[in-house]
Amino acid sequence: MQLSKENIKNITSQNVIKPPGHVFDLPDKVLQFGTGVLLRGLCDYFIDKANRKGIFNGRVVVVKSTGKGDATAFDKQDNLYTLCVRGTADGNNIEENIVSSAISRVLSARQDWQEILKYAHNRHLQIIISNTTEVGLQLVKESIHQSPPSSFPAKLLAFLYERYQAFVGAAEAGMIIIPTELITDNGKKLLSIVEELAHFNHLNDDFINWLKEHNRFCNSLVDRIVPGKPDEATLQQLQNELGYEDELLSVCEVYRLWAIEGDYHEKNTLSFFEADEGVIIEPHIEIYKELKLRLLNGTHTLTCGLAYLNGFTTVKEGMSDKSLSTFIYDLMLKEIAQAIPYPLPDSAAYEFGMKVLDRFRNPYLQHQWLNITLQYTSKMKMRNIPILVRYYELYDVAPKNFSLGFAAYILFMKAVKKEGEKYFGKCNSEYYPINDEKARYFYEVWQNNSVDDVVTTVLHNQELWGVNLSHFYDFTENVKLHLKLMIEQGMAATLAASQQAEKVE
C-alpha cells in the first residue's frame, strides 16, 4: 500500500501519527523554496505539528528550485511523507512516526513559474522560507523577468515584485522572509542581495521602499540532523512496521531548533512557535548560531574528509571507532570550543558540545560523511577559518587536530577523474564525487605540483579564505606533514601517529 491521502484511513498501525482530515482544507500560508530533507524534517515538522494542534492552520507550497530530480514522489503521495523521529530525550528512548501533511503542493520553478507567481496574489500567504545551501545566497546580476530567473534571490525578487503590483503596494501585503541557509546574518544578506538586484533591474523607488519597510527579512538558524531516506534494509524494515510504502520517508533525530530573529510581529504571524519549544523567536540569536555553527557544523566539516577517506561511511560508524571519536572529542572541545569568536557564558560551549557528541552517537541515524562534504570549501571558510584565526590570536600556535582535518580536506579535494564539469576523487579503488564549486580550482592545483606546493598555493589563496593562511607558519608545516603521511601511509596510520605524538607531548 502506497502512502496517499486516500490510503490514510487504511493505516492500522498504532505507532503512526496520522493527520486529521481538516488539515487538507487549510489555506496556503507559506511559500517554501527547497524540497530538501532539512526543511521537511524541521520547518515543515513544526508547521505540521501546529496544524494538528489547531494553532497555525496553514499549509506550505513548495518550489523545487533546481532542475535535479522531479516531484513525482510528492504527486504520487499527495505530498504526504513520513518522518521517523529516533533518539533519546531526558534519558527516554523516543520513536515517533509522523505522517506530515504540511505540504499542499510541490511546483517546479522551471516548469511552473507562472503558476508560482500566481501565489503572489494569494492574500493568505504570509511567509517565505528557503534553504538553497550556502551557495544559494549569492548575487547573480540577472533580469527578474526571465521565466524563471536562475538564482534564488532573483526568483524571490520576482515574486515580491509581482506581489507588490498585485496589492498595489499595500503594507499588509508584506511578507516575512526566513532564509535558513547556514550563513551569518542570512536574513540581512538576502535583503541586501535582493535590494541590489532591484536596482539592477531598474525597479521603481516606491517598490524598493515597500520591499524594505513592509517585508521582514529575519536572520534564522536551523539545527536538526536529518540524514533523510535510510538505507534499503532499514527502509524496508520501517515500511513493514508502518504497513505502507513511502518513497519520501525520512529519519531524523529528536533534537530540534529553529531560532528566528524577531519580535511581537513575527510571533503573531509565526504562531506555529507555540506548538513546540524547539522554535525560538528572540531579538538576538547569535549565541545559538555560534554554538551550532562552530561545534556541530565546524566539527562535521573538519572531520568528514578524514572520516570518509578512512573508510567510514556514517557519523555513527566514526563515533564507534576509538581513534576517530577521540579526534572528534579533542577537536570539538579542546580546540574549537576554546576559540569561538563570540562571548559565551562559562561552560556554555562545553555543555553544548557534550550534547552534540551524544547526537553524533545516535544509533538510529545513518548520517553519511560523503553528504557532509557537499560544498566543502565554502563550509570550511565560513565555519572554521574564523576559529583558526581566533585560535592564533589567543594561543599563537597551530591547533593540531584542526591541522589534521584541514589536510584531509585538501586530500579529499584531489580529483583524479574529470567528466565534463564533474570531478571525482578516489578512495579504496572507488570513485567519489567532489560536489564543490571549487572542484575545478583544486583539480588544477593538484596537476603536476608537489604536496608542498599544493599546500602553499591553497593556503596562500586569500581570495579563497579571506585571509592568507600561509602566514600561520606552523599551521602550514603541520598541514604539509599530515598530507604527506596520508598519501604515503594512509589515513588510519596518520590519525594514529598524530594521537601518539600528542600523548608524548
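1. Glu 477 and Lys 480 sit 3 residues apart in helix 19 (residues 473–489), so about one helical turn separates them. Helices here are DSSP runs of H or I with at least four residues, numbered from the N terminus. The side chains of this pair meet in a salt bridge, 3.6 Å from N to O. By salt bridge I mean a side-chain nitrogen of Lys or Arg within 4 Å of a carboxyl oxygen of Asp or Glu. Glu 477 is partly exposed at 30% relative accessible area, whereas Lys 480 is buried at 13%. Buried stands for under 20% relative accessible area, exposed for over 50%, and partly exposed for what lies in between (1.4 Å probe, protein chains only).

2. A word on the basis of these notes: this is a predicted model, in which local features need pLDDT of at least 70 and side-chain atom pairs count only at pLDDT 80 or more, while totals for chains, interfaces and linings use all residues. Residues are numbered from 1 along each chain as its sequence is written, and side-chain values use heavy atoms, leaving out hydrogens and water.

3. Lys 9 counts as exposed because its relative accessibility is 56%, and Glu 6 counts as exposed at 52%. In total, the structure holds 22 salt bridges.

4. Now for a helix pair. The axes of helix 9 (residues 286–309) and helix 14 (residues 376–395) come within 9 Å and cross at roughly 125 degrees. The axes are lines fitted to C-alpha atoms over the stretch in contact, with angles running from 0 to 180 degrees between N-to-C directions. Helix 9 is therefore oblique to helix 14; oblique covers what is left after under 35 degrees (roughly parallel), over 145 (roughly antiparallel) and 65 to 115 (roughly perpendicular).

5. Which residues of helix 9 meet helix 14? Among them are Leu 293, Arg 294 and Asn 297, and the helix 14 side includes Tyr 376, Lys 379 and Met 380. Contact means heavy atoms within 4.5 Å.

Definitions and conventions
Helix = DSSP H or I, 4+ residues; strand = E, 2+ residues; numbered from the N terminus.
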